[in-house]
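This report describes the overall architecture of a protein chain and then turns to selected residues. The sequence and structure are shown first.

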Amino acid sequence: MAGNPMLVGMGNPLLDISAEVGQDVFDKYEVLPGNAILAEEKHLPIYKELSDNYKCDFIAGGATMNAIRVCQWMSQTPNTTGFMGCISNDEFGQKLQESVKNDGVEARFQIDENTPTGTCAVLVLNKERSLIANISAANNFTIDHLRANWSVIENAKFYYIASFFLTVTPESIVEVGKHAAANGKTFAMNISAPFLIEFFKDPMMQAFPYTDIVFGNETEALNFSEVHGFGTEDFQQIALRMAELPKETERPRTVVITRGQDSTVVACNGQVTFYDTTPLAPEQLVDTNGAGDAFVGGFLSELVKGSEVARCVAAGHYAAREIIQQSGCVFPPTPNFS
């Protein structure tokens, strides 16, 4: 990396290939508006078809990458963010690298020559969209690549990982978490999805003791409560219980639960605070995809500056509000957060 990013993310890099298509494409690939699915064999030709036959937007994607990109945009400061993940040295991989570079993120990609770059087809029809994700090379990140680039981790002070990465290399997450705990640095993780909370419970809880900040939305929080036997659907109590789970360091854990247009819940050190959002007029809403990632990116952009939690949350609300007024996880040239 050319610089020394303060914040480093690790995750599954995907190239979003977004195009407006007709109903015939939805029918051909048997997908429905509003769906988000993993690609099956029958879906695999769609990525080349979109690239060859439609006017496409190529946007760096994946949950962690989205948050890192938004953080970099909000920061407007070179070398604020870095990213690690696995791609291929193919056409889509090169487009992904170009997109990330243009966003100002310092990326240290692992290259898998034998597996295609992960992609996500974003099919748009009448403002409705369907997502078809093909993880591919992103699945092949190894802890050896992390260790070979360990100086990036040593030079950073903040780390962010979405739990989707638990399906790839949980040992890498724990290794970074241990480093953060041992050196008084900040380790943040997103619980990301109900299926991860349920089916990857053990690796998630192996990483959990190292987390200083945990993000999740209301659906994920309810699922976490159910899986861990909290016996409550009260978000205040869920946040408190999550914050009180075992931790490696004495610094109290902060838990942040977003709830769409409802107030955001933050628990830390036995106290809960609710932060109101500013409602968005329905006609201004374009696309809610990426709203949660954008919130995290905005939050982190203030966290790395040493801001108080209230301002971090306000930045998260601002970033999410901006992104849902765009098609895809894209943003204006400069933020207007004050």
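A residue is called buried when its relative accessible area is under 20%, and exposed when that area is over 50%. By this criterion, 56% of the 338 residues of the chain are buried. The model under discussion is predicted.

**Overall architecture**

The chain contains 13 helices and 14 strands. Along the principal axes, its C-alpha atoms occupy a box of roughly 55 × 45 × 40 Å. The radius of gyration is 19 Å, which agrees with the value near 20 Å that a compact globule of 338 residues would have. Among contacts with a sequence separation of 6 or more, 72% join residues 24 or more positions apart.

The chain exposes about 14600 Å², and carbon and sulfur atoms supply 46% of this area.

**Nonpolar cores**

The largest nonpolar core comprises 48 residues. Those with the most contacts inside this core are I46, L50, L123, Y160, F215 and F299. Beyond its neighbours up to four places away in sequence, L50 touches I17, A19, V21, C56, A121 and L123. A second, separate core has 46 residues, among them V168, L196, F224 and I257.

**Buried residues in a strand and a helix**

Strand β9 spans residues 158-162 and includes F158. With a relative accessible area of 12%, F158 falls under the 20% limit and therefore counts as buried. Residues up to four places away in sequence aside, F158 is in contact with M6, L7, V8, T186, L303 and V304. The C-alpha atoms of F158 and V330 are 23 Å apart, and the two residues are separated by 172 positions in sequence.

S225 belongs to helix α10, which covers residues 218-227. Its relative accessibility is 2%, so S225 is buried. When residues up to four places away in sequence are not counted, S225 touches F230, G231, T232 and I238.

**Exposed loop residues**

Three loop positions are considered next. G260 is located between β12 (254-259) and β13 (262-268). Its contacts, apart from neighbours within four places in sequence, are with E218 and T277. The C-alpha atom of G260 is 9.7 Å from that of H317, a residue 57 positions away along the chain.

E30 occupies the loop between α1 (23-28) and β3 (36-38), while N269 is found in the loop between β13 and β14 (271-275). Most residues other than glycine have a negative phi. E30, however, has a positive phi, near 55°, and the phi of N269 is likewise positive and near 55°.

| Residue | Relative accessible area | Class |
|---|---|---|
| G260 | 61% | exposed |
| E30 | 56% | exposed |
| N269 | 63% | exposed |
| F158 | 12% | buried |
| S225 | 2% | buried |

The values for G260, E30 and N269 are each over 50%, so these residues count as exposed.

Conventions. Residues numbered from 1 in each chain as written. Predicted model: local features only at pLDDT ≥ 70, side-chain atom pairs only at ≥ 80, totals over all residues. Heavy atoms only, no water. Helix = DSSP H or I, 4+ residues; strand = E, 2+ residues; numbered from the N terminus. Rg over C-alpha atoms; globule rule 2.2 N^0.38 Å. Buried < 20%, exposed > 50% of the residue type's maximum accessible area, 1.4 Å probe, protein only. Contact = heavy atoms within 4.5 Å. Areas by Shrake-Rupley, 256 points an atom, 1.4 Å probe, with all protein chains shown as cover. Core = buried A, V, L, I, M, F, W, Y, C linked by side-chain atoms within 4.5 Å.
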